[in-house]
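Subject: Handover of a structure and its findings

Dear colleague,

Please find below the sequence and structure that I am handing over to you. The findings follow directly after them.

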Amino acid sequence: MFEPTLEDLSFLRRAIALARAAREDGRHPFGAIVVDAAGEVIATAMNNSVPPSGGPTQHAEMLACAYAARDHTPAQLAGATLYTSTEPCAMCAGGIYWCGIGRVVFGLAESGLLRITGAHAENPTLDLSCREVFARGQRPTVVLGPLLEDEAATVHEGFWR
């Protein structure tokens, strides 16, 4: 099992802060950051899935992956880490995999999100761990999480009513 570093926890808290900013902007409370092997932030994103300006595939992780992939090689992305406030859903895990990002660190587990959101129409949570999605791939993706789960959950408190 891999252990998180202080740097991991710091970047994860930044992703949680992005989720909070997304909520304050009227978006769903999710945030993601991609950091290269040298520890430099190469992409950040907040969820943008709320119509009319957003769309259902514009999750924070998908956007951060797309931004990072525009300007970085597959080799650079293989050494990168995606930090996200909440465990990537199956769609986002697929996006992370196809971009070739080699490591994921997340806060709130998908199962924890499901307990918070229930059957909310705007977030029909898939009860599927990103680890299960990555395990089906042909290249490894290291996953650390859930971490700082209580901190990550607070962003969702009262939102999904």
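**The strand S1 and its sheet**

Strand S1 is covered on both faces: Gly-31, Ile-33 and Val-35 on one side, and Ala-32 and Val-34 on the other, are all buried. Counted by residue, 5 of the 5 residues of S1 are buried, and the strand is mostly covered. Please note that this is a predicted model.

S1 belongs to an open sheet of 5 strands, arranged in the order S2-S1-S3-S4-S5, with mixed pairing. The edges are taken by strand S2 (41-46) and strand S5 (142-144); each has a single partner strand, so one side of each is left without a neighbour in the sheet. On average, neighbouring strands of this sheet are turned by 15° against each other, direction ignored. Helix H1 (residues 6-24) packs on the sheet and touches strand S1 (31-35), S2, S3 and S4. The direction of H1 makes about 145° with that of S1.

The individual pairings are as follows.

- S1 and S2 pair in the antiparallel sense over 5 bridges. Ala-32 stands opposite Ala-45 in S2, and Ile-33 stands opposite Thr-44 in S2.
- S1 and S3 also pair in the antiparallel sense, over 4 bridges. Here Ala-32 stands opposite Thr-84 in S3.
- Strand S3 (residues 81-86) and strand S4 (residues 103-108) run parallel and are joined by 5 bridges. Thr-81 stands opposite Arg-103 in S4.

S1 and S2 form a hairpin with 5 residues between the strands, and within this hairpin Gly-39 takes a positive phi near 90°.

Val-143 is placed in strand S5. This residue counts as buried because its relative accessibility is 10%, and the cut-off for buried is under 20%. Leaving aside its neighbours within four places in sequence, Val-143 is in contact with Val-104, Phe-106, Cys-130, Arg-131 and Phe-134. Val-143 and Gly-102 are 41 residues apart along the chain, and their C-alpha atoms are separated by 8.8 Å.

The loop between S5 and helix H7 (149-154) holds Pro-146, and Leu-148 lies in the loop between S5 and H7 as well. Two backbone features deserve attention here. In general, most residues other than glycine have a negative phi, and most peptide bonds are trans. Gly-145 and Pro-146, however, are joined by a cis peptide bond, with omega at about 5°. Leu-148 has a positive phi of about 50°, although it is not a glycine.

**The largest pocket**

The largest pocket holds about 410 Å³ of space. It is lined by 22 residues, and those closest to its centre are Pro-56, His-59, Glu-122, Asn-123 and Pro-124. Helix H2 (60-71) and helix H5 (110-117) each supply at least two residues of the lining. Sorted by class, the lining has 11 nonpolar, 7 polar and 4 charged residues.

**Two partly exposed residues in helices**

Arg-20 is found in helix H1. With a relative accessible area of 36%, Arg-20 is partly exposed. Not counting residues up to four places away in sequence, Arg-20 touches Thr-154 and Val-155. Arg-20 and Leu-114 are 94 residues apart in sequence and 18 Å apart in space, C-alpha to C-alpha.

Glu-132 lies in helix H6 (residues 130-135). This residue counts as partly exposed because its relative accessibility is 41%, a value that falls between the cut-offs of under 20% for buried and over 50% for exposed. From Glu-132 to Ile-33, the separation is 99 residues in sequence and 22 Å in space, C-alpha to C-alpha.

Yours sincerely

Definitions and conventions: Residues are numbered from 1 along each chain as its sequence is written. This is a predicted model: local features need pLDDT of at least 70, side-chain atom pairs count only at pLDDT 80 or more; totals for chains, interfaces and linings use all residues. Side-chain values use heavy atoms; hydrogens and water are left out. Buried means under 20% relative accessible area, exposed over 50%, partly exposed in between (1.4 Å probe, protein chains only). On a 1 Å grid over the protein atoms alone, a cavity is a set of points where a 1.4 Å probe fits but cannot get out, and a pocket is an open set with protein on both sides within 12 Å along at least five of seven lines; lining residues have an atom within 4 Å of a point. Grid points are joined across faces, edges and corners, and a volume is the space filled by probe spheres set on the points. Ala, Val, Leu, Ile, Met, Phe, Trp, Tyr, Cys and Pro count as nonpolar, Asp, Glu, Lys and Arg as charged, and the others, Gly among them, as polar. Two strands pair if DSSP finds at least two bridges between them. Axes are lines fitted to C-alpha atoms, for helices over the stretch in contact, and angles run from 0 to 180 degrees between N-to-C directions. Contact means heavy atoms within 4.5 Å.
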